[in-house]
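Here is a friendly walk through the side-chain contacts of one protein model. Keep the viewer open while you read, and pick out each residue as it comes up.

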Amino acid sequence: MPLNTAFTAVTARRTFGKPLTAEEARPSPSIVPSTSPSSTPAATPKGKRDWPLPVRTYVQRCFAEENILPDVKLQEMEVKLKQVISKAVETGTLAVVDWDNLPLPQMMIREEHAQAHCARLSSSPIQSNGFPTTTLHGANESKSKKRKSSETGPVDDPSGRAPPWSQANSRDAFESRISYPDKRPRNEVAQEIGSSKSFQILDGRKKRFEPTAHGTSPVRPWRTSTAQEAPPQEREGPIVGRCQELEKKYFRLTSAPNPDTVRPLPILEKTLDHLKRRWKQERNYSYICDQFKSLRQDLTVQRIKNGFTVNAYEIHARIALEKGDLSEYNQCQTQLRALYAQKLGGHPAEFMAYRILYFLHTSNRIDMNDVLADLTPTEKQDWAVKHALETRSALALGNYHRFFELYLDTPNMGAYLMDMFVARERLAALSAICRAYKPDIKLRLVTEELGFESDDESARFICDYGAQHLLEERDDGVRLVTGKASTFFEPALKAASARPGTKLLA
């Protein structure tokens, strides 16, 4: 006899989901695919189907690596393949279809996307300028359709009507105009959008620029018949100049060089001799610099790199050093380094010495270390390079006596570079002398130690920095009072060291 309890027994819940009703808890019949009347009965046990060889070959071609299209997703292709095979089974044409020549599912999908895109373009009105006319509301509506199609699936309605689920919920009309961010990976979204649009657009652009059957370029719609341009002539290799003029002004190139305005190598050799004569006679640097830049440009556009090229750059670099034009000197020095690396001759040791002195002028220790590391034993034995290395060593040790001895015995044109920083080193040496000698020293000592040519030149140097009242004339000659000299020379030295590369008063 069952016991009467004060409660009703219920089944314990094992999940956090919504409890099912009695109807929902009833087991549902198994879903079986619909078959045609001629199919086998359901009671017959299902076995493995023996597909024809052409069908199996067709499936293998679908999944072959060379037939995979980047703009068609694998899942979409599988669905299309099942539809094709199922349709053949239902219609009983499995053995009739020419599977060897039947298009692959991915090609069918691409064709469907292209037809849908063309239908959308044909449904929109076209302006006279070739662009579709859309109102603000129409543009927003098309954007909304694109975003919703990426969320709900590949639903394309060329007629532009709203889907049934949007018509049923009229109260949510405002919600249908809201776009939500797509949570799928960016590459999948780009592939889906680009599969139907970018392919057609790029294909159309490619056809516009393809030559016609007669071998001529197609006529652009934005060009008139009178504005047809000749096809550009492709030039292979360097040009060869045809200009026969010795002098030519320098112009910066903004387009491809014209051979009629470029001088060939024989004319450039005559031009260099002409410029050397003009420089010795007139000493007009602005004219000579312009002509040398024009000569270098003609060498560059013709890709001429030989001994004459090295000679032209060396002459221009020496003239620039003589006039203190470090900008042009640096350009020539950079090109000379590349030319010396090709073993084309010239004077590499001379310009290596210039390079070391230039780094002393600019206080560039990083590049100086690179130069010292790249020096070969043969280069260190050259007189000009050895002089530059001794100058660097004297400055590093603070040996101003040795420095000014080297300054008065500089080989080649290195003195022009040393003139650019000798005033800075004279300030440093004069500050050291004033700290070491008290209370005064002879002006003649300053002249000899700092490399001045006369006492008047050394006195002028002291007066340029506002210390003229420290010079006193006595029975034994002019003397410099060193007790108060530090207040004049040390601030000037700090200012000169703070901006290396600036030429001071010497």
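## Charged pairs and ring contacts

Lys-248 and Asp-298 are both buried. This is a predicted model, so please read every value below as computed from its atoms. The two side chains meet in a salt bridge, with 2.8 Å from N to O. Where do the partners sit? Lys-248 is in the loop between helix H8 (198-208) and helix H9 (265-282), while Asp-298 belongs to helix H10 (residues 285-301), so the pair ties together parts that are 50 residues apart in sequence.

A second salt bridge joins the side chains of Arg-402 and Glu-390, again given as 2.8 Å, N to O. Here Arg-402 lies in helix H17 (residues 400-407) and Glu-390 in helix H16 (residues 383-397), so this contact ties together parts that are twelve residues apart in sequence. Arg-402 also has a salt bridge with Glu-405, where the closest N and O atoms are 3.3 Å apart. Arg-402 and Glu-405 both lie in helix H17, three residues apart, which is about one turn of the helix.

| Residue | Class | Relative accessible area |
|---|---|---|
| Glu-390 | partly exposed | 32% |
| Glu-405 | partly exposed | 38% |

Some salt bridges share partners: Asp-440, Glu-472, Arg-474, Asp-476 and Arg-479 are joined into one network in this way. How many salt bridges does the structure hold? The count is 22.

Now to the rings. The structure holds eight aromatic pairs. One of them is formed by Phe-403 and Phe-404, an edge-to-face pair with 5.1 Å centre to centre and 80° between the planes. Both of these residues, Phe-403 and Phe-404, are buried. Another pair, Phe-452 with Phe-461, is tilted, at 5.5 Å centre to centre and 50° between the planes. Phe-452 counts as buried because its relative accessible area is 7%, under the 20% limit. Phe-461 is buried as well, with a relative accessible area of 2%.

Phe-452 has a charged neighbour too: Arg-426 lies over the face of this ring, at 4.0 Å from the ring centre. Elsewhere, ring pairs link Tyr-329, Tyr-358 and Phe-359 into a cluster.

Which residues make the nonpolar patch? Phe-63, Ile-68 and Leu-74 do, and the patch comes to about 260 Å². Leu-74 is found in helix H3, which covers residues 74-90. Leu-74 is partly exposed, with a relative accessible area of 44%.

Methods:
Residues are numbered from 1 along each chain as its sequence is written. This is a predicted model: local features need pLDDT of at least 70, side-chain atom pairs count only at pLDDT 80 or more; totals for chains, interfaces and linings use all residues. Side-chain values use heavy atoms; hydrogens and water are left out. Patches are made of residues with over 30% relative accessible area and no salt bridge: like charges are joined within 9 Å, nonpolar side chains (Val, Leu, Ile, Met, Phe, Trp, Tyr) within 5 Å. Accessible areas come from the Shrake-Rupley method with a 1.4 Å probe; for residues, only the protein chains shown count as cover. A salt bridge is a side-chain nitrogen of Lys or Arg within 4 Å of a carboxyl oxygen of Asp or Glu. Helices (H or I, at least four residues) and strands (E, at least two) are DSSP runs, numbered from the N terminus. Buried means under 20% relative accessible area, exposed over 50%, partly exposed in between (1.4 Å probe, protein chains only). Rings of Phe, Tyr and Trp (its six-membered ring) pair if their centres lie within 6.5 Å; planes under 30 degrees apart count as stacked, over 60 as edge-to-face and the rest as tilted. A charge sits over a ring if NZ of Lys or CZ of Arg is within 6 Å of the ring centre and within 35 degrees of the ring normal.
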